[in-house]
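Reader: I would like to go through the side-chain contacts in this model. Could you show me the sequence and structure?

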Amino acid sequence: MNAGLILVVCAILALGFLSWMAWKTRSRRNLRDLYDIDLQAFENLACADEEKFLRTRLRGGEFRRIQRERLRATMEYVSGIAHNAEVLLQMGSSALRDSDPAVANAAKHVVDEASKLRLNAQVARVKLLTAMLWPGIRIEPSGVLEPYRKLKSIAAVLEVANSHLGTVHVA
Amino acid sequence: MSNYGFWYNYLWIAPHVLLAGLCILLLQRKLAREYPAFFAYTVYECFQFILGLALYRYKGITDDQYMEIYLIGACISSLLRFAIVYEVFRHLFHDYPVLSTFGKILYRWSAALLVLASVILIAWTTQDLQNHVSIWVNVVDRMVCIIQLGLLVVLFGASRFLGFSWRNLSFGIALGLGLFAAVELAVTAVRAAYGPATMIVFFNYFTMGTYHVCVMIWLFYAWAPERYMTFSPLAVRENTLEGWNLALKRVIER
């Protein structure tokens, strides 16, 4: 393949990616709905002891099948948290320059916590995806739970915001 | 100096007239202070255009001398575009202080990796290095395009990954610059592969037309008012926050 052609293809792909990203960025400007996260169920799914128990009780193939299902459900919760963080980031960023200092301060708090939450949720998604692809390998609790552990400071903001805005349940 | 038709002159002059309008708009809306590199770039492009026009009219200059001046101008323009990309990066992460260190690390590593990738790509694809014009077309221009485009791809990807919201002008600058860098990369790659004279008229029109579109994008986003979502501080109640945190901590640490 011609080397110049490779660069042309790279340029076209990059342009396509930028256009898609730009369109996605504009289209998510009006995000408002937060997902209602059932943290009790989420914690059960992410529980390391439960995974250990299943690993010892089930045969290899069966364990992998069930583990994949559990990870898929966990992924839905983490995706819901990532979405909520994004909504709060959009709201907070909009209000950072508000003329009312109380609103601006509250917005700063929300932006700080939501940005941490979003990053950790995305890292957790990557780790979960890896675990879904290789369900047989042992995932240390810190692998999935540690990022979640860091989410705790923002979880309350999400929970309270949930009570103030329209909610959508995670399936 | 050759004479060109109406559309060539239009595509040469119109974007710079719009850039002059953009300079005024940036000053009027006090955006020049917030985006100094972008403002410097628009002023510089206007200055370069006036200089180019004067030289074009001046009969005592040869094509080679004109090209030398053009290349120096293009070098400065490329450096300013790097400063703009950094400025957009800084602006995007400015509202998110928690992640500003992450943003700096991301920028540095991306830039370093892109420099490495562009050196490898260009060393692999370059055959003709006879004079400084071909060095510019084959090496510098393509390196600049690869690095700038790569940084913008990383920037858009990171903002999507982290769920950041863009301010109007930052978004417009990144979009316009990305479009221009992508087209410039494709054109320089074709020229480097098949010779600088390949479809010269078509590529000149194409590049100039793309730049015109970029300037219109910048102008639109500098002019468009910012849209804000409504936000209530009542949504954040400290006591609920603490209670919820404790409940969560108990469950996580059991």
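Reader: To start, which residue does A:K108 form a salt bridge with?

Author: A:K108 forms a salt bridge with A:D112, and the closest N and O atoms are 3.2 Å apart. A salt bridge here is a side-chain nitrogen of Lys or Arg within 4 Å of a carboxyl oxygen of Asp or Glu. This is a predicted model, in which local features need pLDDT of at least 70, side-chain atom pairs count only at pLDDT 80 or more, and totals for chains, interfaces and linings use all residues. Side-chain values use heavy atoms, without hydrogens and water, residues are numbered from 1 along each chain as its sequence is written, and chains are lettered from A and ligands numbered from 1 in the order in which they are written.

Reader: Where do A:K108 and A:D112 lie?

Author: Both lie in helix α5 of chain A, four residues apart, which is about one turn of the helix. Helices are DSSP runs of H or I with at least four residues, numbered from the N terminus.

Reader: Is A:D112 buried or exposed?

Author: A:D112 counts as buried, at 15% relative accessibility, while A:K108 counts as partly exposed at 41%. Buried means under 20% relative accessible area, exposed over 50%, and partly exposed in between, with a 1.4 Å probe and protein chains only.

Reader: How many salt bridges are there over all chains?

Author: The count comes to four. One of them joins A:R118 to A:E86, with the closest N and O atoms 3.3 Å apart. A:R118 lies in helix α5 (residues 101-133) of chain A and A:E86 in helix α4 (residues 60-95) of chain A, so this pair ties together parts that are 32 residues apart in sequence.

Reader: And which side chain does B:R160 meet in a salt bridge?

Author: B:R160 meets A:E86, at 3.4 Å from N to O. That pair crosses between chains, from helix α5 of chain B to helix α4 of chain A.

Reader: Changing topic: which residues does B:V144 touch?

Author: B:V144 touches B:S78 and B:F82, leaving out residues up to four places away in sequence; contact means heavy atoms within 4.5 Å. B:V144 lies in helix α5 (residues 132-162) of chain B and is buried, at 9% relative accessible area.

Conventions
Helix = DSSP H or I, 4+ residues; strand = E, 2+ residues; numbered from the N terminus.
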